[in-house]
Amino acid sequence: MSIDLSQFFDVFFEESFEGLDAMEAELLNLEPGTEDSETINTIFRAAHSIKGGSGTFGFVSVSDFTHVLETLLDQIRDGQRVLTAEHVNLLLKSVDCVRGLLSALQAEEEPDLSESNELKARFEAILGDESPEVVEAEQSETVSEALQSTTYQIDFKPESHLFKTGNEPLYMFSELAELGELEVNVFHDGLPEFLEFDPEDCFLHWRFFLTTTREEQAISEIFEWVEDDAEIKIEACGGLFEDESPSEQQPSASSTSSDAGNLETVQQAPAQSESATNNEQNKQAEESLAAVQKKVESVKSNKAESRKSTDSAATSIRVGIDKVDSLINMVGELVITQAMLSQIGDQDITESSIAALQEGLTQLAHNTRDLQENVMRIRMLPISFVFSRFPRLVRDTSQKLKKQVELKLVGEQTELDKTVMEKLSDPMVHLVRNSLDHGLETPEDRIANGKNPVGTVTLNAFHQGGNIVIEIMDDGKGLDTEKIRSKAIANGLINESDELSSEEINELIFMPGFSTADSVSDISGRGVGMDVVRRNIQALNGSVEVTSKQGVGSTFTIRLPLTLAILDGQLVQVATHTYIIPLISIVESLQIDITKVSKVGKGLEVLRLRDEYIPILRLYDIFSHQGAREELDKTLLVVVESDNYKIGLLVDDLLAQQQVVIKSLEANYQKVDGISGATILGDGTVSLIIDISGLIKLSGLRRPGSTELLVDLKGEEAEPA
Amino acid sequence: MIDQVEVNQQLMFDGESDEKQFLTFMMHDEEYGMDILAVQEIRGWEPVTTIPNSPNFVRGAMNLRGTIVPIIDLRMRFGINAIEYGPLTVVIVVSVKIKEQQKIMGLVVDAVSDVYSIAEEKAKDVPDFQDSDNAYFVHGLVNVGQKMVVLLNLEKVLDLSDKSGLKG
């Protein structure tokens, strides 16, 4: 255990998770009975590479488990077994299970083996309980060959000078593999520290399980050349080696004699088994295999515990080579422009050189913008990364709800920033579950309403003017406005006298503590739903809306900025300071009509704006800045919205609107209340970006009671003015 | 001048492995030192952007080639009277690990002074002057020629969440 394999772990985990995703997607495509070999092959390959990788890195729990998986898949692939719905379900569960095992390993925790053991037992039950036709086929096969296949356990422990004698074990192994089905286990516990590692020495030893119809003679022939330089033991599997520990060391002197002894027993073994049935032998072999593997497992898990913990927090991203190529092109152009500009700079300034300079600067601006866009594109991934988890979710949920659902995915190639994508996933899961649970009716109800018994949920993603729009549509019963209304009245969210349009009523489902599900199910309806969804999406500077038509269906529309790294900002001036307000949260900016301002309670000023009351927050006051304009009629009010609250921010002046690159203030400093980050303006100075919801909290803290006032105002707001 | 010569001699015997180099700076006519390996660069004072509701010793944030760096007035951090910033006023940009996180910060001091090689074991513990909060920031005292240099514990000076050394 001295070669540090852990450096490859990240890659292994990443690839394994990708493999699992691929397996899941293909499994969902599988219709029992109509499987095509290509799909099965894809699944098999994914399982196989996970098994291979986990075996290499000593994650025995994973490789053991994927081994049984693979065996079943192999049989299906070879047509020895017919794929059933049960198989698909079991395989899907095992995908989850492997994912769990891998996540635990990635987090350097001891994986919980109970689930994998249970699933493994079920797989083994399926594999052991071979359908009659399969056994028959196998028997006829063996009869035709007039030979019995036997599983041999071969221990191969070369002396360290093996390579120096010109022997290449790999060739021997491939020869072995030609004899029959070969399973190779390598023991690398003899590896020395890296500094003592001599690449010309062999520190590994191997254990093979070879299932072959050939005589043992054929096996020992392969090892003939290395007989004197290695410990070789060849045994037919049959309980002979059960007592041995896999890493046990045998003195080499006795190996030849034990070889001879084993030869006999092995020769006897096939003779005995010839009389025994196929099944019995297989079972025996499997039992002894399991015993060995268990021991290996325990040895390995001890080692795993002693392994040092490493940090794997950093994630990586795969970028298409075309994106990298285009970046290199851009940089090339940039270098040319820079060369041009410096040439102009070296010359004496004349009138013509000024024109050239201006031209060069324009080109530079152009290059920079292109480069910026392309760098941003690197972080962009197709939204199918989020969408791909939904087929599974819809399948599982619809089974649980006994509803028939078809999921349509549109615009999967729409690209989105990776960080946005990661945070988008949870709200979307919530919305889709909601559509399945509350939106779609049961097949009976649908037939009664003259609809197709199979409901449709559509996920649609597209770009719209610098934003990405994601629609979650269902053709279910739509939102029941009456029910929402009565529920809202019962919860005290609105007054009975309030007259609301159906859009306004639909909006109510985003209020905290609102759930219309008749019964709380484990899928949705705990009343912590939509307000959390809205908050999460607002945290990404996005918005979520619902449109619904009773009996026809509802559509949830999520709008998000393409990236979190850049923001459209409104620069404002407060005293001598420049702040940035995210443009997306600005409702309007206006000059205050003093006659419409009134004071409420402890000095809180509100402005009546049409039929709403907007609390006025004096930014200079909240940020403790001196020298700002205090007279309401000489300042401007920027009305912003966050968490369904509208507030007015009092600023001295509005400056430019521009795109700003968001920089962290926390990285070198600490979290500042009311500030979400910083940016660098064109003149190189730092400007702070205002965090609206943080600001509301901050102002609430400074003036106790004002948050209640805000809530009260919310109630008044609904009253006709 | 004599001091200077001594210092240079000291620098020449730099080979001693247990000696560390310290950058010293002046503040309120006292000389303070900090581990030179923490220092990234020294800049002249430039106006910074105020961070609202920050402690008074945090002057604001500065753009250091694309990184937002908070600037701390060391006088105010130590509770010494503030003075007008002049042409000698410098910002020492340091990189310090605070609570497992590498942070880059700028320290405003009156002027930079010199670089000394000092064997750490020569540093004497701060006398137990209980009524001074600033003892908390001090790593040790050391004599260089005729002068006394106060060696600072940068991690404590720059850990803004740690209020234990603060007045008020």
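This is a predicted model: local features need pLDDT of at least 70, side-chain atom pairs count only at pLDDT 80 or more; totals for chains, interfaces and linings use all residues.

Colleague: At what angle do the axes of α1 and α4 of chain A cross?

Modeller: Axes are lines fitted to C-alpha atoms, for helices over the stretch in contact, and angles run from 0 to 180 degrees between N-to-C directions. Helices (H or I, at least four residues) and strands (E, at least two) are DSSP runs, numbered from the N terminus. Here the axes of α1 (residues 9–29) and α4 (residues 85–106) of chain A come within 10 Å and cross at roughly 165 degrees. That makes α1(A) roughly antiparallel to α4(A), on a scale where angles under 35 degrees count as roughly parallel, over 145 as roughly antiparallel, 65 to 115 as roughly perpendicular and the rest as oblique. The crossing of α1(A) and α4(A) is left-handed, a term used if the near helix is turned anticlockwise from the far one by less than a right angle, with right-handed used if clockwise.

Colleague: Which residues make the contact between α1(A) and α4(A)?

Modeller: Contact means heavy atoms within 4.5 Å. Among the residues involved are A:Phe13, A:Phe17, A:Leu20 and A:Glu24 of α1(A), and A:Leu91, A:Val95, A:Arg99 and A:Leu102 of α4(A). By class, this contact has 14 nonpolar, 3 polar and 4 charged residues; Ala, Val, Leu, Ile, Met, Phe, Trp, Tyr, Cys and Pro count as nonpolar, Asp, Glu, Lys and Arg as charged, and the others, Gly among them, as polar. An α-helix has 3.6 residues a turn, so residues three or four places apart point the same way.

Colleague: How does the contact of α15(A) with α19(A) divide by class?

Modeller: The axes of α15 (residues 418–439) and α19 (residues 530–539) of chain A come within 9 Å and cross at roughly 145 degrees, and their crossing is left-handed. A:Pro427, A:His430, A:Leu431 and A:Asn434 of α15(A) meet A:Met530, A:Val533, A:Asn536 and A:Ile537 of α19(A). That contact has 5 nonpolar, 3 polar and no charged residues.

Colleague: What span does helix α11 of chain A reach, and which of its residues are buried?

Modeller: The expected span of a helix is 1.5 Å times one less than its number of residues. With 26 residues, α11 (residues 321–346) of chain A reaches 37 Å from first C-alpha to last, close to the 38 Å expected. Buried means under 20% relative accessible area, exposed over 50%, partly exposed in between (1.4 Å probe, protein chains only). The buried residues of α11(A) include A:Leu327, A:Met330, A:Leu341 and A:Ile344, and their cover includes α12 (351–378), β5 (380–382) and β7 (415–417) of chain A.

Modeller: Helix α2 (residues 37–56) of chain A has 20 residues and reaches 28 Å, close to the 28 Å expected. Its buried residues include A:Ile40, A:Phe44, A:Ala47 and A:Ile50, covered by elements including α1, α3 (60–77) and α4 of chain A. Just after α2(A), A:Gly58 takes a positive phi of about 80 degrees.

Colleague: Which phi value does A:Lys402, a residue other than glycine, take?

Modeller: Phi of A:Lys402 is near 55 degrees, a positive value. This residue is in the loop between α14 (390–401) and β6 of chain A and counts as exposed at 66% relative accessibility. Phi of A:Ser624 is also near 55 degrees; A:Ser624 lies in the loop between α20 (619–622) and β18 (636–642) of chain A and is partly exposed, at 40%.

Colleague: Is A:Thr414 buried or exposed?

Modeller: A:Thr414 counts as buried, at 10% relative accessibility. Its place is in the loop between β6 (405–410) and β7 of chain A. Not counting residues up to four places away in sequence, A:Thr414 touches residues including A:Leu381, A:Phe462 and A:Ile468.

Colleague: How many helices and strands are in chain B?

Modeller: Chain B has 3 helices and 10 strands, running α-β-β-β-β-β-α-β-β-β-β-β-α from the N terminus on. Of its 168 residues, 45% count as buried.

Note on methods:
Residues are numbered from 1 along each chain as its sequence is written. Chains are lettered from A and ligands numbered from 1 in the order in which they are written. Side-chain values use heavy atoms; hydrogens and water are left out.
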